[in-house]
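Here is a friendly walk through the fold, from its elements down to single residues. Have a look at the model first, then read on.

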Amino acid sequence: MLSYTCDSEYGIPRRCACGGRIIDEVRVKQEYDTQPGKRFFTCANHEADGFHYHQPWVIGVHEQIESLTKRLEEAEQLLNLIPSLKNQIETLEAQASGLTRQVDRLTAEVYNLTVQVADLEKLCFE
């Protein structure tokens, strides 16, 4: 279970693996502390057993920014495809209207042929 907790620590955590809420903790000045004021995302139920989040704030924010940057790039690629898709849709609509006209014309021809066959049947069988 420890590996699952470590693997899930990516980006800004919303909830701890134990279900506990995440607090924004700031390290206080201690006697031999070289980084006072360092921030962490920490589980409210944090114990030093490896099953609760205690992630440096900078790492979480950096990972979240990388994730959002990747999503933004994917969205930009999709937005760049929109004009070509619009052109394809317009082309398909034009083709569909052309095919509709052809179907209407063929339907009229079939109707005319049906009338002619009916007229020929009257002449032949009368």
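The protein chain holds 2 helices and 3 strands, where helices (H or I, at least four residues) and strands (E, at least two) are DSSP runs numbered from the N terminus. Read from the N terminus, these elements follow the order α-β-β-β-α.

A word on the ground rules: this is a predicted model, in which local features need pLDDT of at least 70 and side-chain atom pairs count only at pLDDT 80 or more, while totals for chains, interfaces and linings use all residues. Residues are numbered from 1 along each chain as its sequence is written, and side-chain values use heavy atoms, with hydrogens and water left out.

The 3 strands form an open sheet in the order 1-2-3, with antiparallel pairing; two strands pair if DSSP finds at least two bridges between them. Strand 1 (22–26) and strand 3 (54–56) are the edge strands, each pairing on one side only. From one strand to the next, the twist averages 30 degrees. Such angles run from 0 to 180 degrees between N-to-C directions, with axes taken as lines fitted to C-alpha atoms, for helices over the stretch in contact.

Strand 1 and strand 2 run antiparallel and are joined by 5 bridges. Strand 2 (residues 39–43) also pairs with strand 3 in the antiparallel sense, over 3 bridges. Some residue pairings across the sheet are collected here.

| Residue | Partner | Strand of the partner |
|---|---|---|
| Ile23 | Thr42 | strand 2 |
| Phe41 | Gln55 | strand 3 |

Why is strand 2 largely enclosed by the rest of the structure? The reason is that 4 of its 5 residues are buried, buried being under 20% relative accessible area, exposed over 50% and partly exposed in between (1.4 Å probe, protein chains only). In a regular strand, side chains alternate between the two faces of the sheet.

Thr42 lies in strand 2 and is buried, with a relative accessible area of 4%. Leaving aside residues up to four places away in sequence, Thr42 touches Arg21, Ile22, Ile23, Glu25, Tyr53 and His54; contact here means heavy atoms within 4.5 Å.

Tyr53, one of those neighbours of Thr42, sits in the loop between strand 2 and strand 3. Tyr53 counts as buried at 5% relative accessibility. Between Tyr53 and Arg21 there are 9.8 Å in space, C-alpha to C-alpha, and the two are 32 residues apart in sequence.

Which residues make up the largest nonpolar core? It has 6 residues, namely Cys16, Ile22, Phe41, Cys43, Tyr53 and Val61. A nonpolar core is a set of buried Ala, Val, Leu, Ile, Met, Phe, Trp, Tyr and Cys residues joined through side-chain atoms within 4.5 Å. Val61 touches Ile12 and Phe41, not counting residues up to four places away in sequence.

Across the protein chain, buried residues make up 15% of the 126 residues. Among contacts with a separation of 6 or more, 43% come from residues 24 or more positions apart.

**Helix 2**

Helix 2 has 69 residues and reaches 95 Å from its first C-alpha to its last. That is close to the 102 Å expected at 1.5 Å a residue, the expected span being 1.5 Å times one less than the number of residues. Helix 2 bends by about 35 degrees at Ile82, and Pro83, a proline, follows within four residues. The bend at a residue is the angle between axes fitted to the seven residues ending there and the seven starting there.

The buried residues of helix 2 are Gly60, Val61, Glu63 and Gly98, and these buried residues pack against strand 2 and strand 3.

Gln64 also belongs to helix 2, and at 23% relative accessibility it counts as partly exposed. Gln64 touches Gly11 and Ile12, not counting residues up to four places away in sequence. Gln64 and Ile12 are 52 residues apart in sequence, yet 6.1 Å apart in space, C-alpha to C-alpha.
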